[in-house]
Amino acid sequence: METIVIKKETPIGWIYLNRPDRLNAINQQMIKELRQGIDEMVYDSDIKVIIITGNGKAFSAGADISRFKELNGYTAWQFAKSGRELMDYIENISKPTIAMVNGYALGGGLELAMACDIRIAAEEAQLGLPEINLGIYPGFGGTQRLVRLIGKGKALELMLTGDRISAKEAEKIGLVNKVVPLSNLEQETRNFALKLAEKPPISIALIKLLVNQGIDLPILAGLNMESLGWGVVFSTEDEKEGVSAFLEKRKAQFKGK
Ligand SMILES: CCCCC/C=C/C(=O)SCCNC(=O)CCNC(=O)[C@H](O)C(C)(C)COP(=O)(O)OP(=O)(O)OC[C@H]1O[C@@H](n2cnc3c(N)ncnc32)[C@H](O)[C@@H]1OP(=O)(O)O
């Protein structure tokens, strides 16, 4: 891999965007390698949670602008589509994902963070969708995900102005889940991941599916999916273990079965 580094720290899989001299700008190679890196974690049953972060001072400053002059209408469409499909894939994997936002998360970088389930940011981080200043607009799913995360008014404000906001402001509007000092970022993110790693994986997978698919369905369809899913969780060993552990006043040990 040229553009990312992966590290397994069971039960956590770490993925580092690794173009620090370009502030981890996302190019076609990174899109391809991210897909491979995520797959490596998805198909490893010892990995329960995936953390994506950036090497250097940025999470990612977005799509690689230095390549934009080479693009024409068709290739720009294909590049945007391949990035957007990667974000869709990340959002819909069954394992939980955390974006550890260590610095700038701009444009496609913020779109990647938004495709993750949880965002934990350093106090120093700055977030935004500045594409408008380049005469374009977010193209890796940002126009759709931001509005679902923070609501139409603030989403439009961020996209129309292109302004960067602080991590604290991002936390206030619900764009990040938690803000911590940079010195604690790795440990706090690891602790959060370890907490998720102890939860029953089938329940996690179903919650993700219900939330991600349900949000775009008529509510009755989503509610019916929720009820049907109960048939699945109630047939798992983890449900029996969870209920027994409660009644026996001990900590549950979930197996993902
Ligand atoms: C075609 C499909 C597109 C799909 C949708 C996605 C679109 C996008 O994401 S568009 C990009 C949106 N992002 C931006 O507009 C941010 C651009 N970067 C900046 O504004 C600044 O770099 C900064 C505020 C993030 C940081 O400023 P500073 O601390 O002063 O650092 P430098 O500007 O000196 O950056 C260091 C180095 O990195 C290069 N670089 C930064 N961002 C990008 C980028 N997005 N693409 C390519 N290269 C980038 C920057 O040019 C510097 O390089 P050198 O000058 O060669 O050192």
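## Helix, pocket and patch

Tyr89 has its place in helix α2. Its relative accessible area is 18%, and because buried means under 20%, Tyr89 counts as buried. Although Tyr89 and Ile38 stand 51 residues apart along the chain, their C-alpha atoms are separated by 9.2 Å.

Helix α2 also has a part in the largest pocket of this predicted model, since at least two residues of the lining come from each of α2, α3 (108-115), β7 (118-122), α4 (142-150) and α8 (201-214). The space in this pocket amounts to about 740 Å³. Of the 26 residues that line the largest pocket, Glu91, Cys116, Asp117, Val211 and Asn212 lie nearest its centre, while the element that gives the most to the lining is α8, with six residues. The make-up of the lining by class is set out in the table.

| Class of lining residue, largest pocket | Number |
|---|---|
| Nonpolar | eleven residues |
| Polar | five residues |

Ile65, Leu134 and Ile136 make a nonpolar surface patch of about 250 Å². Of these residues, Ile65 is found in the loop between β4 (58-60) and α2 (73-92).

Methods. Residues are numbered from 1 along each chain as its sequence is written. This is a predicted model: local features need pLDDT of at least 70, side-chain atom pairs count only at pLDDT 80 or more; totals for chains, interfaces and linings use all residues. Side-chain values use heavy atoms; hydrogens and water are left out. Patches are made of residues with over 30% relative accessible area and no salt bridge: like charges are joined within 9 Å, nonpolar side chains (Val, Leu, Ile, Met, Phe, Trp, Tyr) within 5 Å. Accessible areas come from the Shrake-Rupley method with a 1.4 Å probe; for residues, only the protein chains shown count as cover. A salt bridge is a side-chain nitrogen of Lys or Arg within 4 Å of a carboxyl oxygen of Asp or Glu. Helices (H or I, at least four residues) and strands (E, at least two) are DSSP runs, numbered from the N terminus. On a 1 Å grid over the protein atoms alone, a cavity is a set of points where a 1.4 Å probe fits but cannot get out, and a pocket is an open set with protein on both sides within 12 Å along at least five of seven lines; lining residues have an atom within 4 Å of a point. Grid points are joined across faces, edges and corners, and a volume is the space filled by probe spheres set on the points. Ala, Val, Leu, Ile, Met, Phe, Trp, Tyr, Cys and Pro count as nonpolar, Asp, Glu, Lys and Arg as charged, and the others, Gly among them, as polar. Buried means under 20% relative accessible area, exposed over 50%, partly exposed in between (1.4 Å probe, protein chains only).
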